[in-house]
Amino acid sequence: MIALEGLTRHFDGKAVVDGLSLTVARGELLVLLGGSGSGKTTTLKMINRLIAPTSGRVRIDGRDTAELPGHELRRSIGYCFQQIGLFPHMSVAENVAITPSLLGWDPAEIRRRVDELLTRVELAPEEFRDRAPDALSGGQQQRVGLARALAARPLVMLLDEPFGALDPLTRDRLQQEFQQIRRDLELTAIFVTHDMVEALLLGDRIAVLEEGRLAQVGTPAELLRSPANAYVERLMETPRRQAELVDRFLGRDAGP
Amino acid sequence: MIEQLALVPGYLTAHLRLSLLALAIGAGVSIPLGVWLTRRPRLEPGVLGVASVIQTIPSLALLAIMVPALAALGALTQRFGVPLRGIGFAPALIALSLYSVLPILRNTVAGIANVDPALVEAARAVGMTDRQRLLRVELPLAMPVIVAGLRTATVWVVGTATLSTPIGATSLGNFIFSGLATRNDAAVLMGCLSAAGLALLLDALIRLLEVGMRERSRARVGVAAATLALLCGYTALSFAGTGGERPIQVGSKAFTEQYILAELMAQQIETRTGSATHKLPSLGSTVAFDALAAGDLDVYVDYTGTIWATIMQRGDLEAPRDQVLGEVTRFLDATHGIGVAAALGFENTYALGMRADQARDLSLSRLSDLAPVSPRLEIGGDYEFFQRAEWKSLLATYGFAFARQRSMDPALMYRALQEGEVDVISAFSTDGRIAAYDLVLLDDDRGVIPPYDAIVLVSARLRREHPDVMAALSALDGAIDAAAMRRMNLRVDRDGEAPSTVARAFLAERSDSP
């Protein structure tokens, strides 16, 4: 579905992403994991060309994305990020309706779609439709952000630490809901995070980035079992230790 | 007071027309330019720098610069059959438009630059083109800041527009300049209050429009937009009404005698020929001459000594009166096609004046006596005086060494002398205030100051196309002696009569007597 081929980006002559090749299967969620400066956000933004690659290419369904104008490409890809970026001068409904209106959908069709999506992200349309984004809680805002990203029925979703600024309970709830939506809609997704636990919970596979290069890619189990290098091993220690700690509090022995 | 009130609608309309059009041009240039600059951040410091430099030019100077600039441009466009007036509406409009650029431009750039980067990223991510991002996200979010700039520009432009009077554009400044020159405080107050009221009104309307748009209140937007549209429509209609045959343009400089003489000439023309006149009051001295030479002005009164020294650049100041008049007349005709329709019969020369009591205490009557005591005295002069050739000759001949010299508004100069802030002033020999304030003029015993015969100057066009007007003006030759002029000046300066009333009385008295 999505293929990155030798994707490279330089900033001021320095490679931030360096020759990255990866594939993501249809309906799969791939987590891009790494510390700050590992190049995970830059990689994500090169997929919808918010950042232009210095070299290399991205194919979606075999088609080189460089063939499309950037704005047309982005209309076909959902994008969610930590700052959410709801437009404060537009109502909730107007925010959700943006991409369909850019695509020239029929207004009645847009209205139906907005209500359907607000319901889907568990915001009652009649209550939230005409609210200003500023009047919503952080969790509610990110629900609107998710609805906006899904509005034009994209098949690919890019998410950049979308739940990073939320409190743990809200984050947990939204993670579950997102997984449900993703499965229902059979979305292919790339999810950037530096949170190991989130990566293990959500990822079908995890790609670990280290200074712009791919350190290892595999299922959570593979990464936990056989880390490819010391960096990956160190990353995996954190969730392991947390799990052991939790088990001890619950009075159980750690692992087999 | 009532006479002043009658002038309000005309001045207010002209002021509004000038301000609104300047703001429209300013915003029309600055907002697109500001947007363009946010796309080319490297050019931003340079362009904002130029706009700032324009802003630092004193507004009066910027307006004055436009006159020769437009006259030069007018000479060029004339060849393509497009006439462009060097004085009046056009130069004032250009200067005010330039003046409104900086606040709008700066706020447009700042408003767009300060849009949250997350919103810019979101706008791109949802698939907006650059243009859609600008129109749907950046401009709406920057609008409060841009409108704040527009409001600043509005207050500046409406205020500064009062200074367009000396370059021949009618504005509420007509009240202020003529009021200051003729000591009519009611007129000054009227001009200031009207301009301030207009600035506040426009500011409030723009604010109402912006708040209404932000809060999506149809009522507020409706009221503000309708009122603004009404004002624009009204001024546009009054603009359309100014077409047709051009009336005779009668100019005056900014002092009492000039207002009276302009009224007198206009009334003389209207009653004798029936031609319509339009008065351009309070012009700068060189503005008036340049405008006459360019044909933008048809008639005004100047003085032989002024032409002799500033236009002809003649250094030999001690020439006899008749010789100067003859040479000036020939020079103006030969070089500019300007005619001298009449010599009015009086001289208004520069003279140095003092309070009578102080002159008595120091036993001064002649300029030669003044030189030895000058280091203990301060002198005040009008804005031109210390730059003039006469002042340089006075210094060279008498060897004055005043403790301090101060340029001041002629209207305020007399008060400064009265209150002892200065000891000597540059005065005009026909000034009614000389008697009113009990001043003495010191005798130019070494004959340095040239003759200053008041002469009626007429444009080449008027000479060619309006022989009847020429005849009406020539009838004023020798009609006014110095005493008569001083009396008329005093009636305005001391008694607060309107220049038009005084002029009318003079003409009536003249036609009654055989």
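How many bridges join strand 1 of chain A to strand 4 of chain A, and which way do the two strands run relative to each other? There are 5 bridges, and the pair runs antiparallel. Keep in mind that this is a predicted model.

**Chain A as a whole**

- Chain A has 11 helices and 10 strands in its secondary structure.
- Its C-alpha trace spans about 55 × 50 × 30 Å along the principal axes.
- For 256 residues, a compact globule would have a radius of gyration near 18 Å, and chain A comes out at 19 Å, so the two agree.

**The open sheet in chain A**

- Four strands make up an open sheet here: read across it and you get the order 2-1-4-5, with antiparallel pairing.
- Strand 2 (14-24) and strand 5 (63-64) of chain A sit at the edges with a single partner strand each, which means one side of each has no neighbour in the sheet.
- Strand 1 covers residues 2-11 of chain A, and its antiparallel partner strand 4 covers residues 55-60.

**Two packed helices in chain B**

- For helix 7 (residues 173-181) and helix 8 (residues 185-214) of chain B, the axes come within 7 Å and cross at roughly 155 degrees.
- An angle over 145 degrees counts as roughly antiparallel, and therefore helix 7 and helix 8 of chain B get that description.
- The crossing of helix 7 of chain B past helix 8 of chain B is left-handed.
- On the helix 7 side of chain B, the contact is made by B:G173, B:F175, B:I176, B:S178, B:G179 and B:L180.
- Helix 8 of chain B brings B:D185, B:A187, B:V188, B:M190, B:G191 and B:C192 to the contact.
- Sorted by class, this contact between helix 7 and helix 8 of chain B has 7 nonpolar, 4 polar and 1 charged residues.

**Where the chains touch**

- Across the two chains, 14 residues of chain B are in contact with 14 residues of chain A.
- On the chain B side, helix 5 (117-125) and helix 6 (130-160) each supply at least two of the touching residues.
- Helix 5 of chain B gives the largest share of that side, with 6 residues.
- By class, the side of chain B that touches chain A has 9 nonpolar, 3 polar and 2 charged residues.

Methods
Residues numbered from 1 in each chain as written. Chains lettered and ligands numbered in written order. Predicted model: local features only at pLDDT ≥ 70, side-chain atom pairs only at ≥ 80, totals over all residues. Pairing = 2+ DSSP bridges. Axes fitted to C-alpha atoms, helices over the stretch in contact; angles between N-to-C directions. Parallel < 35°, antiparallel > 145°, perpendicular 65-115°, else oblique. Left-handed = near helix turned anticlockwise from the far one by under 90°. Contact = placed C-beta atoms within 7 Å. Nonpolar A, V, L, I, M, F, W, Y, C, P; charged D, E, K, R; others polar. Rg over C-alpha atoms; globule rule 2.2 N^0.38 Å.
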